[in-house]
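Let's take a walk through this one together, a step at a time.

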Amino acid sequence: MLRLREELTRRLRRLLRTGVPIVQCALAAGVAWFLAHDIVGHVAPFFAPIAAVISLGVSLGQRMRRALELVVGVSIGVGVGDVLISVIGTGTWQIALVVALAMSTAVLLDSGGVIVLQAASSSVLVATLLPPATAGGLTRMLDAAIGGLVGFAVAALLPANPLAVAHRNGRVVLGALADALRGVASAVAHRDVSMAADVLADARKSHKSVEEFRAALEAGAEIARFAPIRWRRRGDLERYETAATPVDRALRNTRVLARRALAALRDEEPVPRPLPGMLEELAGTVVLLRDELASGKDPLQAREAARSVAKKSTVEMLGEGDFSMQVVVLQVRSIAVDLLQASGLTRTEAVAALPPLHPDEG
């Protein structure tokens, strides 16, 4: 019974998270039909609600371009289908020919994948469900345009919260980074080879979460750009956008750090005494960055925490380890620079926080 309750709760939460897209699609489909049928006067404006739903369903970060591609694709499919079916009729070979020619036309126009696929599906509809006798090609093209525009308008006037997905994906990425740093800290402190191997294996799985984070930011930026009621969220999104690339680099550098730490532990290299504590401090810096971004603040505390770690990564630490541990120390410096940039500093400003590795530097 408990498991059933937990499963129902999980599904209800998932439904609530997708509530806005569901409402958007339902409203867009109804409005598109109303405009095409009751206002414009088309008898069966099949393409209007379909185009509205599809334009809402495509990638959020590319919705404007995809909505335009949708309309163009439908227009190509309808145009080719209407011309050919009115001449050669419908049937097995006619449908195959119409689809091939509609897709070929889209490809010859140097179109994207959405246009090609919509040209194919629209030509099939024309050849089967909606033969030319039921409506003119121009009417169907207008229906597609109405649907695409309604879909875009609904997305702009009834937008999702652009920060919700950014927060959710940001927590995943920054959480993975903090866990990896904390895991390496524990592994080197206890000289645990097995733990270091597990940390490295988990860190290697973080690439997908970074891609999803970037997609979430792209979607949020589009919503904040076109939806008036979300314009005030631009500043919060810009902080995330500033942090995205440096955090990606920090994750990559942490994977290198984990790999070299594993090698050092296998070779029984000495561990610089300050290293575990510095790695824990870096993990704490990531948590601060996550919390400050989520609260809409400039990550000033994270910046100072990263600067503190950077100042401790001195040349003396390199002398306390062999080759792999020296690489680990250098990666600590790189990650500190990445986190300083994630807090809003330029690379020049971030690198300036590092102590010199050679006496003649600075």
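Start at T254, which touches L177, A180, L181 and I335, leaving out residues up to four places away in sequence. What you're looking at is a predicted model, so keep that in mind as we go. T254 is found in helix 11, and with a relative accessible area of 1% this threonine is buried. The cut-off for buried is under 20%, so T254 qualifies at 1%. Now find A178: in sequence T254 and A178 are 76 residues apart, yet in space their C-alpha atoms are 9.7 Å apart.

Next, hop over to another threonine, T285, which lies in helix 12. Is T285 buried or exposed? T285 is buried, because its relative accessible area is 1%. Setting aside residues up to four places away in sequence, T285 touches A302, A305, A306 and L339.

Now zoom out to the nonpolar residues. In general, nonpolar side chains tend to be buried together in soluble globular proteins. Here the largest nonpolar core has 61 residues, and L279, L282 and L339 touch the most other members. Which helices each supply at least two residues of this core? They are helix 8 (162-190), helix 9 (193-203), helix 10 (207-226), helix 11 (234-266), helix 12 (275-294), helix 13 (300-312) and helix 15 (323-342). Helix 11 gives the most, with 13 residues. There's also a second, separate core of 10 residues, and A32, A36, V154 and A155 are among them.

A pair of packed helices is described by the angle between the axes and the distance between the axes. For helix 9 and helix 11 the angle is about 160° and the axes are 9 Å apart. Angles over 145 degrees count as roughly antiparallel, so helix 9 and helix 11 are roughly antiparallel to each other. Their crossing is left-handed. On the helix 9 side, the contact is made by V193, A196, A197, L200 and A203; on the helix 11 side, R255, A258, R259, L262, L265 and R266 take part.

How many aromatic pairs does a search of the whole structure find? The search finds 1. F213 and Y240 form this edge-to-face pair, with 6.1 Å from centre to centre and 75° between the planes. F213 sits in helix 10 and Y240 in helix 11, 27 residues apart, so the pair links distant parts of the chain. F213 counts as buried at 4% relative accessibility, and Y240 counts as buried at 2%.

Finish in the loops. R191 lies in the loop between helix 8 and helix 9, and its phi is near 50°, a positive value in a residue other than glycine. E268 lies in the loop between helix 11 and helix 12, and E268 too has a positive phi, about 55°, although it is not a glycine. At 69% relative accessibility, E268 counts as exposed.

Conventions
Residues are numbered from 1 along each chain as its sequence is written. This is a predicted model: local features need pLDDT of at least 70, side-chain atom pairs count only at pLDDT 80 or more; totals for chains, interfaces and linings use all residues. Side-chain values use heavy atoms; hydrogens and water are left out. A nonpolar core is a set of buried Ala, Val, Leu, Ile, Met, Phe, Trp, Tyr and Cys residues joined through side-chain atoms within 4.5 Å. Buried means under 20% relative accessible area, exposed over 50%, partly exposed in between (1.4 Å probe, protein chains only). Helices (H or I, at least four residues) and strands (E, at least two) are DSSP runs, numbered from the N terminus. Contact means heavy atoms within 4.5 Å. Rings of Phe, Tyr and Trp (its six-membered ring) pair if their centres lie within 6.5 Å; planes under 30 degrees apart count as stacked, over 60 as edge-to-face and the rest as tilted. Axes are lines fitted to C-alpha atoms, for helices over the stretch in contact, and angles run from 0 to 180 degrees between N-to-C directions. Angles under 35 degrees count as roughly parallel, over 145 as roughly antiparallel, 65 to 115 as roughly perpendicular and the rest as oblique. A crossing is left-handed if the near helix is turned anticlockwise from the far one by less than a right angle, and right-handed if clockwise.
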